[in-house]
Amino acid sequence: MKFSKIYGACLLAAMGAAMAGCDDYLDITPPSQVTPETYFTEAEQLGAYTLNYYGTGYGGMFSTFDNGGSGYQFYFDNDEGTDNEGGTNDNFFDGNSKRKVGATGGSWGFGNINNFNFFLEQALPKYEAGQITGNSIAAKHYIGEAYMLRAMEYFGKLKALGDYPIVTETLPLDKAVLIEASKRQPRNMVARFILSDLDKAIEMLSDGSAVGGRVRITRDAALLFKARVALYEATFERYFAGTPFVPDRNAGWPGAQAEYLKDFSYDNATEVDFFLDQALAASKEVVDHHPNLTANTKKRIGDSETFPSNPYFQLWSTADPSSMDEALMYRVYSQTVAGGHSMGHYATNGGYTQEFANAFLMENGLPIYASGSGYAGDDFIADTKTGRDWRWQLFMKAPGEYVYADLLTKRTGEGREKKEDAEIKAPAIIGGTTSYFTTSTGYHKAKGWGTNSIYEGLGQDISACIIFRAAEAYLIYLEAAWEKYGDGLNSDAWDIWGRLRTRAGLPADARVTINATDLDKEEQTSHDFGLYSAGRRITSKVLYNIRRERRCEFISEGFRWDDLIRWRALDQLKTNRYFKHGCKVFGPMSEWFKVKKKGKVIVGYMANYTYDNADPDKNNLSSPSDTEGALNGDARYFSLLRTSSNNDWYRSGYSWRMAHYLNPIAESHFLESSTAGDGADSPIYQNPYWSTVHDTPAQQ
C-alpha cells in the first residue's frame, strides 16, 4: 500500500508555524483517492497507521539502533554522561552557558498526540460499530497500539516537563481553541491519564500472534510500560514532596497561580500510594507470565577461541531473539529488506567509569571492600572481572579478549598482529594504527556487541534491538515493594530478587549482601549517585542494594538518567563538585608507557599518552599529581574531566541546579498562546526555577 500525506496538526507546537501549516504529517492514503471516513475500514489500514510510529529516526517511538552513523545512541545515550559512563551531560555543568531557556522548540509540542487522537476518533467508533473488515483480533489490537503509543508520547512529556495539557481530541487550527487547550494539568493527573490509556491498551492488545509476534506491541509490553510509568511517578512524587515540582500549593508550585487550577487539591501520600499499587500489580502480572529469565551459562564470550554459547549475552547480540521469552518486544533488521544498523561499528568506543566498576559485587555476594570478598583489585582491567557479578564479566570487555569468532587476530585493548604476540594487559584509551577498540575510560562496553566481524561495518549489523524485557518487571516490583513496605519486603519481593541474583551468578539470598554493606565504604568506592535522595544519603541498606541491583542489571541500557531524576539523586551536587574517573592508568599498567618497538611498528601504544604539557590542550590524560580531581585523592586513576585545564569541565566538575530536574518551556510558547502576543495572559506557566525569557540560565 502506498502512503502519502493527509493529516497533521501541531497544537501550539509553534503557533506561528501552526497557523500556516504543520510539519508533523502522517503518511497515509492520499486525500484525492479516499477520505478518512472510508480509509479506516480495514484492519490492515489500522495496522499501517500505527506501524508508521515504529520507524527509525525522527518520529520513531521505540528504541532503535537506526540505520547508520551514530544512531545507536538512540538506545544507549541516557547512560552516557552519568556516573555510569564516560562523556559529559550539560545538565551537570556548573556554569551559565550549557543550559538555557530556548527561544523556540523544546519539549512542548503536540504533533504526535494529535495524530493519535485523530486515529482513535476515526477508528474506534467504526470498530465498536462492527464496521472494520478483516481480522477482528488484529483490528482491536491496532487500536490498543494507538492507546499505547499515545501513552508513550505523554510519558515523554511527563518526564521532560511535568505538568502538561491533557488533549484527547483533534483540534482545529483556531488560535482561541488552541490557547484554551494549552492549559497545563498537574503531573499526577497526567500520569493517571497515561495509566488510563495503558489500561485501555492492555484490554485491547493481544499476545501479538495475530499481528506478527513480538516485533509489535503486545499486551505484556503494555503491562510492563504501565509498571514503568507508575513506579516513575510514585518515586518522583515521593522524593519531590514539599517542592514546587509536585502540585503542592504550599511549596511554591507554579500551577497554583493559574486561575483555571484554583480548585485543584493534592494529597502527596495518597498519590504515591496509588501509583505504587499500580506498579506492583502490573509488574507482578508480567513476572507471573515470564517466570524464567534468560539463562546465564556462566561462559564468558571471548575468553577463548571457541566463543561458547551464553544466552544471556546473546540476548543483545542475536539477530533473532524470538526464542527468548524474556524479550517482550524487539526490533529485527534485515540487509535484504531495509538494511542493517551501525551499533557494531560504534560499540567499539565509549566506556564505564571506575566508580561503576566498583559497584558490582563479587560472586559470593560481598561488596569488593568486604573482608573475605576475594577482590583481585584493579591494577589491570581483567583483574576486575575475577570472581565478579556475571553482568560485569559478560558486559565489560577486558584487553586481550577475543571480539569476533571469525577474526581472532582482533582483540580489545592494544592491537597485535598475531595472537601469539605479547599479552595485552592495558586498555586502548588512545587510538592508533595498532590499537583496536578504544575506550574513553579503560572499561569497554560489550552489551550489544555482535561476534561476527562483518557487523563492524557501517550499516552491516543486524543484531536485534531489545525494546522491552521481562527483567525490568522484576526490578520494578522489587523497588515498588520497598517503597510500599520498607525493609520488611514481602515474600514475593525476596523471591523475585533471588531470581535476578541467581541469573547474575550471585547468592539468591540478598541478605548476604545487605549484611556486608557499609554505606560509608560504598561512598568511598562507588560514589554512587543513587546513595542519595533529596540531598541526603539514604540510610536503608536494603534500598541501596535494590538501587544497585537495578544499576547493574541495566548496564548499558539507558535507564540511569531517568532513575537519577525520579530518585532526586542529584541535589548533593549543588555543594559538592564531582569528578568521575576511568581505570588506574598510573598503576602497573603505566609500564606500557614505555615504547616497545618491533621493527618500525610501535607495539606499546601507551607511548602515545601524554600529560602535564606546557600546552594543556596537548594532554590526553589527567596528571598523576592531580589530587584535586582524583578519586579519593588517588591520582593514579584517570580523571575524565581533567585532561586539559582549558576545558570548561576541568574546574566545574559535575554540579547541579534544581531547575534541571525538568526542562524549561521555550519563550515562543508563552508568546504564541497569548491573545495579545506578549505572553502576559498565556495559560502556560514556566517550570520551577526557570525564566520565561529566552537565553537565560536556571535561577537555582
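Tutor: Buried means under 20% relative accessible area, exposed means over 50%, and partly exposed lies in between, with a 1.4 Å probe and protein chains only. This is a predicted model, in which local features need pLDDT of at least 70, side-chain atom pairs count only at pLDDT 80 or more, and totals for chains, interfaces and linings use all residues. Residues are numbered from 1 along each chain as its sequence is written, and side-chain values use heavy atoms, with hydrogens and water left out.

Student: Why is R238 called partly exposed?

Tutor: Its relative accessible area is 32%. That value falls between 20% and 50%, so R238 is partly exposed.

Student: What makes R238 and E483 a salt bridge?

Tutor: The term requires a side-chain nitrogen of Lys or Arg within 4 Å of a carboxyl oxygen of Asp or Glu. The N to O distance between the side chains of R238 and E483 is 2.9 Å, so the pair qualifies. R238 belongs to helix α9 and E483 to helix α15 (residues 471-485), so the bridge ties together parts 245 residues apart in sequence. Helices here are DSSP runs of H or I with at least four residues, strands are E runs of at least two, and both are numbered from the N terminus.

Student: Is E483 buried or exposed?

Tutor: E483 has a relative accessible area of 5%, which is under 20%, so it is buried.

Student: How many salt bridges does this rule give?

Tutor: The count is 49. One of them joins D379 to K584, with the closest N and O atoms 2.9 Å apart. D379 sits in the loop between α13 (354-359) and α14 (390-395), K584 in the loop between α20 (560-566) and β11 (597-598), and the two are 205 residues apart. D379, at 29% relative accessibility, is partly exposed, whereas K584, at 6%, is buried.

Student: What distance makes E401 and K385 a salt bridge?

Tutor: Their closest N and O atoms are 2.6 Å apart, which is within 4 Å, so the pair meets the rule. E401 is in the loop between β4 (396-397) and β5 (413-414) and K385 in the loop between α13 and α14, 16 residues apart. Both E401 and K385 are buried. Elsewhere, salt bridges that share partners join E326, D389, R391, K447, R469, R503, E549, E553 and E557 into one network.

Student: What makes a set of residues a nonpolar core?

Tutor: The members are buried Ala, Val, Leu, Ile, Met, Phe, Trp, Tyr and Cys residues, joined through side-chain atoms within 4.5 Å. The largest such core has 136 residues, and F468, L489 and L570 have the most contacts inside it. Helix α6 (residues 136-161) gives the most to this core, with 15 residues. Apart from it lies another core of 39 residues, including L315, L394, C552 and M589.

Student: Which residues are in contact with L489?

Tutor: Contact means heavy atoms within 4.5 Å. Leaving aside neighbours within four places in sequence, L489 contacts L478, A481, W482, W494, W497, V542 and I546.

Student: Why is S639 called buried, and what does it touch?

Tutor: Its relative accessible area of 2% is under 20%, so S639 is buried. S639 lies in the loop between β12 (601-602) and α21 (648-652). Not counting residues up to four places away, S639 touches F579, K580, H581, S622 and G629.

Student: What makes the phi of A534 and R568 worth a remark?

Tutor: Most residues other than glycine have a negative phi. A534 has a positive phi of about 60°, and R568 one of about 50°, although neither is a glycine. A534 is in the loop between β9 (532-533) and β10 (536-537), and at 14% relative accessibility A534 is buried. R568 is in the loop between α20 and β11, and at 12% R568 is buried too.

Student: What is the confidence in the chain?

Tutor: pLDDT is the predictor's confidence in each residue, from 0 to 100. The chain averages 88, and 88% of the residues score at least 70. Over residues 67-73 the pLDDT is below 50, and this stretch has 19 contacts in the model beyond near neighbours in sequence. Residues 599-604 also stay under 50, with 11 contacts beyond four places in sequence.
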